[in-house]
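Here's a quick briefing on the structure below. Have a look at it before you read on.

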Amino acid sequence: MPRVERMPEPHIYAAYGVYLLQSQHRLMRQLRRIYEPSVHGHKTWESSFLLMDYLLEHPIRRGTRVMEIGCGWGPASVFCARRFDAKVTGVDIDKDVFPFLNVIAALNDVSIEPLVSRFEDLSTARLAKERVLIGSDICFWTKLVKPLYNLIQRAMRAGVKRVIIADPGRPTFYDLADKCRAKYHVELLEWYAVEPNRASGEILEIRPK
Ligand SMILES: C[S@@+](CC[C@H](N)C(=O)[O-])C[C@H]1O[C@@H](n2cnc3c(N)ncnc32)[C@H](O)[C@@H]1O
């Protein structure tokens, strides 16, 4: 179990070696006066902790190029940069998530390359620069299944080695897993995280056949 660590002020917490801020933290409240994430990118979602835990068990190589799709505040991006010294690009459709991500990255002394883009607009050429794609809680609407599946197909064509997506277990996420299974090597695992609290869900890892 992790050591108890006293935080210097309210609404800061730690999980898997990264410091995070709750939405009530004074810096996040101030940012919210100016920026308004509008596609659910307004907090750290629990699935990101599943992803961190899974990556501890199934690590990526140090210095690997990683792209987080639908990064929101980027907790998993920051984790990969801190833990694996990964070169991370955080992608989100909503430009207003990036000021929040920048604060979390600065708090952890890492930097994440921001990219405002829809899943649909990430080209094969752009994806070819990455080795690993990660995402947490990004398949929450029926209309996201097809763009995500198409993105995974482009990523596989581009030579991406691993696509890893964490989810609380929404029907749309299982639809995505089923689609991928027909064409790629797929692992769908129940997983749980123990930091900052116990949380459970699913991990989908897709690799080329
Ligand atoms: C539920 S939040 C999860 C955020 C973060 N991954 C986490 O776990 O804390 C979903 C994120 O996906 C982004 N998103 C939704 N649809 C998208 C799309 N079509 N292209 C890129 N990003 C998208 C949203 O803006 C939001 O930041």
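**A ligand and some ring pairs**

Phe173 counts as buried because its relative accessibility is 0% (buried means under 20% relative accessible area, exposed over 50%, partly exposed in between, with a 1.4 Å probe and protein chains only). Keep in mind that this is a predicted model, where local features need pLDDT of at least 70, side-chain atom pairs count only at pLDDT 80 or more, and totals for chains, interfaces and linings use all residues. Residues are numbered from 1 along each chain as its sequence is written, and side-chain values use heavy atoms, with hydrogens and water left out.

**Ring pairs**

- There are 6 aromatic pairs, meaning rings of Phe, Tyr and Trp (its six-membered ring) with centres within 6.5 Å; planes under 30 degrees apart count as stacked, over 60 as edge-to-face and the rest as tilted.
- Phe79 and Phe84 make an edge-to-face pair, at 5.8 Å centre to centre and 90° between the planes.
- Phe79 and Phe84 are both buried.
- Phe173 pairs up with Tyr174: their ring centres are 5.7 Å apart and their planes sit at 65°, so this pair is edge-to-face.
- Tyr174 has 29% relative accessibility, so Tyr174 counts as partly exposed.

**Around the ligand**

- The ligand is surrounded by 24 residues (each with a heavy atom within 4 Å of it), and Trp45, Gly70, Asp92, Phe119 and Ser136 are the closest.
- Polar contacts are pairs of N or O atoms within 3.5 Å.
- A polar side-chain atom of Ser136 is 2.4 Å from a ligand oxygen atom.
- Gly70 has a backbone N or O atom 2.8 Å from a ligand nitrogen atom, and for Ile93 a backbone N or O atom lies 3.2 Å from a ligand nitrogen atom.

Terms used
Polar contact = N/O pair within 3.5 Å; in protein donor to acceptor, adjacent residues only side chain to side chain.
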